[in-house]
Amino acid sequence: MAQKYLSNEVYNNENCDAESADDLCISAMAYYPFPYMPMLEDNDSTWIDILSFPDETRDHKKLRRTITTFADHESKDSCCIGRSSSSSSLSSMPGQNFRDHISTYNQRYLAAEAVEEAAAAAAMINAEEEDGSADGMKLVRLLIACAEAVACRDRSHASVLLSELRANALVHGSSFQRVASCFVQGLAGRLVQPFGAVGFAAPIMNIMDVSTEKKEEAFSLVYENCPNIKFGHFVANATILEAFERKSFFHVVDLGMTLGLAHGHQWRGLIDGLANRGSGQPLCHLRITSVGLSIDRFQIIGDELKSYAKRMGIKFEFSVVKCNLENLQPQDIKVFEGEVLVVNSILQLHCVVKESRGALNSVLQLIYKFSPRLLVLVEQDSSHNGPFFLGRFMEALHYYSAIFDSLDTMLPKYDTKRAKTEQFYFAEEIKNIVSCEGPARVERHEKVDQWRRRLSRAGFQAAPIKQMAQAKQWLGENKAFEGYTIMEDKGSLVLGWKSRPIVAVSCWKC
C-alpha cells in the first residue's frame, strides 16, 4: 500500500514561517518499510478505529482548505487529531489577519500529517523475526494506540494500554518485545509528568555527564559489542591522519571525549597510526584538548594516553577544559602557531540542538573561529528532533527496532551483557526521546542532510571522506558485525543495519 510522508524539512525545522511551511507540507518522500517490526494487515480495523481519515483527505490541496485540528499536539483540550470540512472554522478565530489564519492552519496541517505518517508507517511494517505473529501485531497496535493516548493526555485510556503493554513487552523476549519494553518506560514517564512540564530539568552536556556505574558499564558494552562507535572512531582517525600527512605539530580538540569512554580507544588508534607513518615523515607532537564536564574521568584517560604515547615514541600533551559546549569561550582553547588543528565530535553536537537554532549556531560559530583544518562529526543518523511527538515516536521506534534486531543476531537471548546494553544504555536514550521536552531532551538526533544544512549555514564546506574502501575492509574484517553495511551519502559515510542508517560520519572544513 503506497503512502506518502512529510519531507524531513517539516520535522527538522521547528522555526519555519508560514510560507515555507506551506511549501514543505506539500512535498513528500517515498515511503520506506519497517523491516524489524510486526506488520499490521491492510484490513486491520484497530488502527482505523484509532486514526480514521476519509479517503478524500489524501488530496493535499483539499487538505490545506479543510483542516480543523489543533496546532500543538500537547494541547490540553485536544484529545483527537482529525480533519473535517467545516466552513465555519475561520470565523472561530476573531482578531486574526489573513497571514495569521494561514500560519494557524499550517500548524494544524502539520499536526494532522504527523499522525497520518504514524498510521502509514504502522501499516508498512514487515515481519522478519519470530515476533511477526498475531501477538507481534497486537503489540505494535498497543504501542501506537498508547502513544496517541499519551500525546492527547488521555490518562485513563493510556493507563489501561500501558498495563496491557507491560504484560506483553518482555525485557527478555523477542527483539521487538525488548525494544517495546523501553518505549513503554518512556510512555509511562511522559504520562506521569504534570501537563506543561514534561521532563523539564537543568540543561546538561549529554546524558553521560550524570551517568551511574551501570550506565558507564553499559556504554563500554555498547563499544565492545556494537560497531556504531568503533566505526566512527575508525573513519575519523583515518581522515585525521590524512590531514596530518607530512606535518609535525598536531592539535585535536575533542568535544566530550566520546562521553568519557574508558581508555581513550580512539586516540590510542590515532597514536598507533602516527607511530607507524612511513619513512620520511617528521617527528610527531600531538596535543589533545578535551572539552566536557567529566573532568576526573577525562584526566584518567589523559594519563593513560600519555603513558601509551611515550611507549610508542610520540610526544604527547593533554589538557581538559571543564565546560559544556554552550558556555565554551574562544580563550578556553589554546591554539599555537604552526600546529594543525582538528575538532572531533563523537555523538556530541546533537545534545546542543534545541527548539531554536541559537545554541548550536553559537557553538558552530565558535568552532569556525578556531579555523580548524577539519571538523569531524559522528552522529546517529535518524530524525528524533521533529516538532510533533507522534512522528518522533514512530521514527524512534523504527530506528531502535533496527538496533535491537542487530543485537539479537550478535548476542544470546539471555546474555547479561545484552540486557545491560539494552536497558541501561539504549533504553536511556529512548526514554529521553519519548519522555522529555525542553532542556531535558538532549537526545535530539538528526539526519545527515539536516546536519549538512546546519553546517553550511554556519560557513563550513563539506570535505568528502575518501576512506570508503578502508571502511569496508574494516567492516569485513570484523565478522561479528555481519549484517551491517556501509554506504556513501554525498561525501559522508553511513553505517547501517540491513541498509537502515544508524551512524553517519561527515567531515567539514572552513
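How do the residues of the lining of the largest cavity divide into nonpolar, polar and charged? They come to eight nonpolar, two polar and one charged. For this count, Ala, Val, Leu, Ile, Met, Phe, Trp, Tyr, Cys and Pro are nonpolar, Asp, Glu, Lys and Arg are charged, and the others, Gly among them, are polar.

Before we go on, a word on the model. It is a predicted one, where local features need pLDDT of at least 70 and side-chain atom pairs count only at pLDDT 80 or more, while totals for chains, interfaces and linings use all residues. Residues are numbered from 1 along each chain as its sequence is written, and side-chain values use heavy atoms, with hydrogens and water left out.

## The chain as a whole

The chain has 18 helices and eleven strands. These are DSSP runs, H or I of at least four residues for helices and E of at least two for strands, numbered from the N terminus. Of the 510 residues in the chain, 57% are buried. Buried stands for under 20% relative accessible area, exposed for over 50%, and partly exposed for what falls in between, with a 1.4 Å probe and protein chains only. Now take the contacts (heavy atoms within 4.5 Å). Among those between residues at least 6 apart in sequence, 79% join residues at least 24 apart.

## The largest cavity

Back to the cavity we started with. The structure holds eight cavities of 30 Å³ or more, and the largest has a volume of about 90 Å³. A cavity here is a set of points, on a 1 Å grid over the protein atoms alone, where a 1.4 Å probe fits but cannot get out, and its lining residues have an atom within 4 Å of a point. Grid points are joined across faces, edges and corners, and the volume is the space filled by probe spheres set on the points.

The lining of the largest cavity includes Val222, Asn228, Ile229, Leu347, Gln380 and Val503, along with Tyr399, Ile403, Tyr425, Phe426 and Glu429. Helix α16 has the largest share, three residues.

Leu347, one of the lining residues, sits in the loop between β6 (340-346) and α14 (358-369). Leu347 counts as buried because its relative accessible area is 9%. Setting aside neighbours within four places in sequence, Leu347 touches Ile229, Leu259, Val378, Glu379, Gln380 and Tyr425.

## Two helices side by side

What is the angle at which helix α15 and helix α16 pack? Helix α15 (residues 389-410) and helix α16 (residues 416-435) pack at about 170 degrees, with their axes 11 Å apart. So α15 is roughly antiparallel to α16. The axes are lines fitted to C-alpha atoms, for helices over the stretch in contact, and angles run from 0 to 180 degrees between N-to-C directions. Angles over 145 degrees count as roughly antiparallel, under 35 as roughly parallel, 65 to 115 as roughly perpendicular and the rest as oblique.

On the α15 side, the contact includes Phe389, Phe393, Tyr400, Ile403 and Phe404, and on the α16 side it includes Arg418, Phe426, Glu429 and Ile430. The residues of this contact divide into eleven nonpolar, one polar and five charged.

| Pair | Apart in sequence | C-alpha to C-alpha |
|---|---|---|
| Ser175 and Lys413 | 238 residues | 8.7 Å |
| Leu347 and His445 | 98 residues | 9.0 Å |
| Gly386 and Glu446 | 60 residues | 8.7 Å |
| Asn385 and Ala396 | eleven residues | 9.8 Å |

Ser175 is in helix α8 (residues 175-192) and is buried, at 2% relative accessibility. Asn385 lies in the loop between β7 and α15 and is buried at 0% relative accessibility. Gly386 is found in the loop between β7 and α15 too, and Gly386 is buried with a relative accessible area of 3%.

## Two serines with positive phi

Ser371 is not a glycine, yet its phi is positive, about 50 degrees. Ser371 lies in the loop between α14 and β7 (374-380). Is Ser371 buried or exposed? Ser371 counts as exposed, because its relative accessibility is 51%.

Ser499 has a positive phi as well, near 75 degrees. Ser499 belongs to the loop between β10 (492-497) and β11 (500-509). At 49% relative accessibility, Ser499 counts as partly exposed.

Notes
On a 1 Å grid over the protein atoms alone, a cavity is a set of points where a 1.4 Å probe fits but cannot get out, and a pocket is an open set with protein on both sides within 12 Å along at least five of seven lines; lining residues have an atom within 4 Å of a point.
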